[in-house]
Amino acid sequence: MTTAPSDTPHGPHDPGGPHDGPESAQARFHALLRTFEGRPAATAGRAKDPVNAPMIRHWCEAMGDTNPAYTGPDAIAPPTMLQAWTMGGLSGHTDRSSAYEELFGLLDGAGCTSVVATDCEQEYLRPLRPGDEVTFDAVIESVSPRKTTKLGTGHFVTTRMDVHANGEPAGTHRFRILKYAPAARPRPASPPPAPAPAPAARPRPVINRDNQGFWDGVREHRLLIQRCTACRTLRLPWLPGCNACSSPDWDTVEASGSGTVYSYVVMHHPPFPAFDPPYAVALVELAEGVRIITNITGVPYDKVRIGLPVRLEFLRVDDTLELPVFRGGTG
Ligand code: ZN
C-alpha cells in the first residue's frame, strides 16, 4: 500500500486521516467484505430429487457421454454432475443464507451490480448412485481484493459447497463469480463533429482462410458447399476438417439453390443498428441436405413457416456486401 505524498495535506474538513485516500477506502471495503468469509451461503440444503437415472440419462445425452459406467444396474452418476443435484432449478433455492444476500447487497451498493460466473473446481470423494439422497452446506470461502478485468472492476467471490450423499462426504464444489461494476465503454476524447446520420452498416462476415472459398463463391453468385473428398460428407458452414472422418481434404459442390425452411425465429428485441425488427432469421435446409442460417425475402416475417419452400438469391446489401438469402412464396 502507498501513502499520500506529504506535500498534499488533507484540508481541515477532511474527516479522514493522512492514510484516507481512495486506496485505504478500498482496503476498508475489502476488510468489510472479508468479514463474510467463513459465513454460510447455504445451510442444510437438500437436493430436490435423489440421484436418479432419468437425470443421468439426460445429462449423458446432452454431453454426448456414452461411458457404460453411467447405465445399467450398477450405474453411477457422472462425477461432474455433482453440482446438478444441488441446483435450485426454476423455482429457485429456499436455503440460501442471509449472509450471501447481505454480501451481494453490499457489492450492489458499491456499484458492482453485474455478475459473471468465472470458474468452478470439483473434488470427488465417493461415487453417487441412483437413490442417494444429496444434502449440502455451502460457505463463502473468500472474497478477493478489488480487481480490474476487461469486464470491469469488482471482487471475486468463491463459494465452497460440501456435498453429502446419504450423510457421507461425496465431493466438494467450488464456484467463483466476479461481482463487478461494468467498465465504461471507451469514448473518443472529443467527439468528432456529427456527420449527417448515415444508415448503420450491416455487420461484415469474418472471412478467414477456412471460409474464404465460401465468400469467393458468394461474390460469383454461387453457394458452395464443402465436400469431404475422403467420405463425401457435405458440410456447411465451412470447416477446416470433416466431422465425420476427420479428413482435412475437401472440394466443393454448388448448391442447386432450392431449399425449405427447417426452423426460424422472429427477432423483436434487442434491436441492432442496420436491422429493422421484427424480421425472421431462418435455418434453411438445402436440397443437398445441409442447412444455412439466412434471411427470408419476399415473405412477411409473420408468414414464414417451417416447411416453406424457398429459393436462393443474392441480396446486395451495400457497396461491399452481398449475402445469400432465400426467397419464399414463389412456389
Ligand atoms: Zn469425411
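Is His221 buried, exposed or partly exposed? His221 is partly exposed, at 41% relative accessible area; buried means under 20%, exposed over 50% and partly exposed in between (1.4 Å probe, protein chains only).

The model is predicted: local features need pLDDT of at least 70, side-chain atom pairs count only at pLDDT 80 or more, and totals for chains, interfaces and linings use all residues. Residues are numbered from 1 along each chain as its sequence is written, and side-chain values use heavy atoms, with hydrogens and water left out.

**View 1. The five-stranded barrel.** Five strands close into a barrel, ordered S10-S11-S12-S14-S13. Its pairing is mixed. Strands pair if DSSP finds at least two bridges between them. Strands (E, at least two residues) and helices (H or I, at least four) are DSSP runs, numbered from the N terminus. On average, neighbouring strands of this sheet are turned by 50 degrees against each other, direction ignored. Strand S12 (residues 291–297) runs parallel to strand S14 (residues 321–328), and two bridges join them. Ile296 has Phe326 in S14 as its bridge partner.

**View 2. Helix H4 on the sheet.** Helix H4 (residues 212–219) packs on the sheet and touches S12, strand S13 (309–318) and S14. Contact means heavy atoms within 4.5 Å. The direction of H4 makes about 70 degrees with that of S14. Axes are lines fitted to C-alpha atoms, for helices over the stretch in contact; angles run from 0 to 180 degrees between N-to-C directions. Gly213, Phe214, Trp215, Gly217 and Val218 of H4 are buried. Their cover includes S7, S12, S13 and S14.

**View 3. The residue after H4.** His221 follows H4 and sits in the loop between H4 and S7. Its phi is positive, near 60 degrees, in a residue other than glycine. Most residues other than glycine have a negative phi, and most peptide bonds are trans.

**View 4. The zinc site.** Cys228, Cys231, Cys242 and Cys245 each give an SG donor to the zinc ion, at 2.3 to 2.4 Å. Donors are N, O and S atoms within 2.8 Å of the metal (3.2 Å for Na, K and Ca); water is not among the atoms, so sites may look incomplete. The four donor atoms make angles of 102 to 114 degrees, and the site is tetrahedral. Four donors count as tetrahedral if all angles lie between 85 and 135 degrees. The donor spacing in sequence is C-x2-C-x10-C-x2-C. Cys231 lies in the loop between strand S7 (224–228) and strand S8 (234–235), and Cys245 in the loop between S8 and strand S9 (250–254), so this pair ties together parts 14 residues apart in sequence. Cys231 is partly exposed at 29% relative accessibility. Cys245 is partly exposed too, at 34%.

**View 5. Two cis peptide bonds.** Leu236 and Pro237 are joined by a cis peptide bond, with omega about 0 degrees. Pro237 is in the loop between S8 and S9. The bond from His269 to Pro270 is also cis, with omega near 0 degrees. Pro270 is in the loop between strand S10 (258–267) and strand S11 (279–286).

**View 6. Helix H1 and its packing.** Helix H1 (residues 22–34) has 13 residues and reaches 18 Å from its first C-alpha to its last, close to the expected 18 Å. The expected span is 1.5 Å times one less than the number of residues. Ser24, His30 and Leu33 of H1 are buried. The buried residues of H1 pack against helix H3 (98–109), strand S3 (134–143) and strand S5 (152–165).

How values were computed
Tetrahedral: all angles 85-135°; square planar, octahedral: opposite > 155°, others 65-115°.
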